[in-house]
Amino acid sequence: MDYQFHWRPVIQALPDLLKASLVTLQVSLIAMALGLMIGLVLYFFRASQLRVLRGFGSTWVEIARNTPSLFQIFVFYWGLGEFGIFLSSYTAVVAALTFNCAGYMAETYRGGFNAVNAGQDKAARTLGMTRFQSMRYVVLPQVLRAIYGPMTNQFTWVILASSLGMLAGLRELSGETQYFNSRTFRTFEFFAATAVIYYLIAKMALLLMALLGRPLFKAERAKS
Amino acid sequence: MIVLENLHKSFGPLEVLKGINLTVDNGEVVSLIGASGSGKSTLLYCINALETIDGGKVTVDGVEVHAKGTDINKLRQKLGTVFQQWNSFPHLTALENVALAPRVVSKFSRKDAQEIAAKQLKHVGLGDKLNHYPSQLSGGQQQRLAIARALAMEPTYMLFDEATSALDPELVGEVLDIMRLLASEGMTMIVVTHEMSFARDVSDRVAFFKKGVLAEIGAPEDVMNNPQDPDLQRFLSTIG
């Protein structure tokens with residue numbers, strides 16, 4: 001093989017790559033956090049008596065789950081321009097990933113709420129708790145436990161999917177890598193290094209989720 | 001005092017309560033017996049407004065339960081409810097299970113709520129299980145936990161919906177013992193039950209339900225030893 005590995009350009013670019021990793025992390029965290037909140041609202045919309053809300057929620061979930069994430073990013077970045085709305089790459093990518101996460105999470109919440117016995121809410125209400133208190137102290141903590149696994153998957157997914165942001169001009173980790181690649185033509189070296197960085201970020205996210213989840217699973221640990 | 005006047009309740013085309021009249025005085029223990037589907041449990045849920053009603057009215061201490069302006073959350077604090085499926089909160093310890101409502105509903109401090117909880121758990125014989133999770137308790141213990149949880153709100157009335165029906169036979173006794181204890185302490189209780197000996201020994205009155213109608217009511221010795229209604233005679237002979 002004639003190819004000579006040259007790692008020096010990668011090492012020189014490392015500070016910039018790490019800085020771009022922060023953009024990746026930031027975009028993913030925001031999209032995930034907003035997606036979690038909006039997803040819950042969408043779940044309630046879909047469970048609502050009101051047809052308008054149900055329709056809105058279902059349409060969102062259908063589109064988010066059944067169209068390519070890349071197209072969703074394009075719609076927010078270029079598509080909205082047709083209607084005179086111009087978003088920066090950053091905003092468009094955050095919005096598109098949030099849209100996607102919210103859709104998936106709405107469906108995940110549905111499974112989570114189904115997993116909680118209806119008797120739990122009844123018992124809470126007969127103690128004098130309001131609908132909100134029952135939700136806050138009794139039902140949601142159990143829903144959260146039920147969806148914790150899928151939620152963690154969603155989080156790692158969004159970190160990796162944020163790489164699509166480079167196609168809307170965002171200089172996140174992949175965008176930054178592509179930039180250096182085009183200047184140095186050390187394609188293999190740069191993308192290999194970036195793959196390792198993605199792997200490490202994803203691992204860190206898993207660790208973070210495991211730590212955050214610890215208080216939720218006290219009851220499970222007590223069993224053994 | 002709990003008063004039911006001409007209470008009607010339907011599920012779709014099925015009328016489950018066909019005009020029930022019943023007054024339960026404070027300090028009284030009333031057992032509701034009858035075949036499954038006769039409307040006993042539904043009646044309990046009409047008292048604590050887990051179910052809506054279709055006619056008549058229910059009043060608790062003079063407050064109309066199903067009236068528009070009624071603060072149902074406040075009223076429910078007077079009405080402790082114990083379910084067949086005990087519904088203990090699996091993510092909380094026994095102490096937290098019982099302390100939750102005093103803390104978030106009655107606004108006690110965390111410390112005071114835990115004191116109340118510890119006291120009630122001792123009351124039902126779970127003083128050594130404060131930090132256990134429901135998954136570490138037997139069915140009978142979980143049901144006693146549910147009783148303690150209801151008692152922590154200092155209810156005037158306790159509603160029991162077949163509190164022992166889902167338990168293994170050897171665990172029924174410990175729960176009935178706690179219910180007897182409450183009765184002896186003067187708690188007003190409405191008890192839906194299939195435990196005939198409990199109904200006979202503990203109740204001041206026994207009410208027999210038949211297809212949504214209160215067919216016979218009176219002192220346990222009259223209703224159970226000398227039943228008038230032919231269906232009640234049959235019911236008592238089959239259930240032993």
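B:Lys107 is found in the loop between H3 and H4 of chain B. In this predicted model, its phi is near 65°, a positive value in a residue other than glycine. Most residues other than glycine have a negative phi. B:Lys107 is exposed, because 9 other C-beta atoms lie within 10 Å and the cut-off for exposure is 12 or fewer. A second residue, B:Asn6, also has a positive phi although it is not a glycine; the value is about 45°. B:Asn6 lies in strand E1 (residues 2-11) of chain B. B:Asn6 has 12 C-beta neighbours inside 10 Å and therefore counts as exposed.

Helix H4 of chain B covers residues 110-123. At 1.5 Å a residue, its 14 residues should span 20 Å. The end C-alpha atoms are 20 Å apart, which agrees with that expectation. Five names make up the buried set of H4(B): B:Ala113, B:Ile116, B:Ala117, B:Gln120 and B:Leu121. These residues cover an arc of only 130° around the axis, so they lie on the same side of H4(B). Their packing partners are H3 and helix H5 (139-151) of chain B. Just after H4(B), B:Gly125 takes a positive phi of about 80°.

Strand pairing in chain B was examined next. Strands of a sheet pair through backbone hydrogen bonds, either parallel or antiparallel. Four strands of chain B form an open sheet, ordered E2-E1-E4-E5, with antiparallel pairing. Strand E2 (14-24) and strand E5 (63-64) of chain B stand at the edges. Each has a single partner strand, so one side of each is left without a neighbour in the sheet. Strand E4 (residues 55-60) of chain B is joined to E5(B) by two bridges, and the two strands run antiparallel. B:Thr59 has B:Glu64 as its bridge partner in E5(B).

Strand E3 (residues 29-34) of chain B is largely enclosed by the rest of the structure, because six of its six residues are buried. Both of its faces are covered. B:Val29, B:Ser31 and B:Ile33 are buried on one side. B:Val30, B:Leu32 and B:Gly34 are buried on the other. E3(B) pairs in the parallel sense with strand E8 (residues 188-192) of chain B over four bridges. It also pairs in the parallel sense with strand E9 (residues 205-210) of chain B, over five bridges. B:Ser31 takes part on both counts: it stands opposite B:Val191 in E8(B) and opposite B:Val206 in E9(B).

Between the chains, 22 residues of chain B are in contact with 19 residues of chain A. On the chain B side, the elements that give two or more residues are helix H2 (72-76) and helix H3 (94-104). By class, this side of chain B has ten nonpolar, nine polar and three charged residues.

For chain A, an unreviewed UniProt entry carries the annotation "domain: ABC transmembrane type-1" over residues 21-209. In the model, that span is 81% helix and 0% strand. The end C-alpha atoms of residues 21-209 of chain A lie 19 Å apart.

Conventions:
Residues numbered from 1 in each chain as written. Chains lettered and ligands numbered in written order. Predicted model: local features only at pLDDT ≥ 70, side-chain atom pairs only at ≥ 80, totals over all residues. Contact = placed C-beta atoms within 7 Å. Nonpolar A, V, L, I, M, F, W, Y, C, P; charged D, E, K, R; others polar. UniProt positions renumbered as here; feature names shortened; annotations may be inferred. Expected span 1.5 Å × (residues − 1). Buried ≥ 20, exposed ≤ 12 C-beta atoms within 10 Å, placed from the backbone. Arc of directions from axis to C-beta. Pairing = 2+ DSSP bridges.
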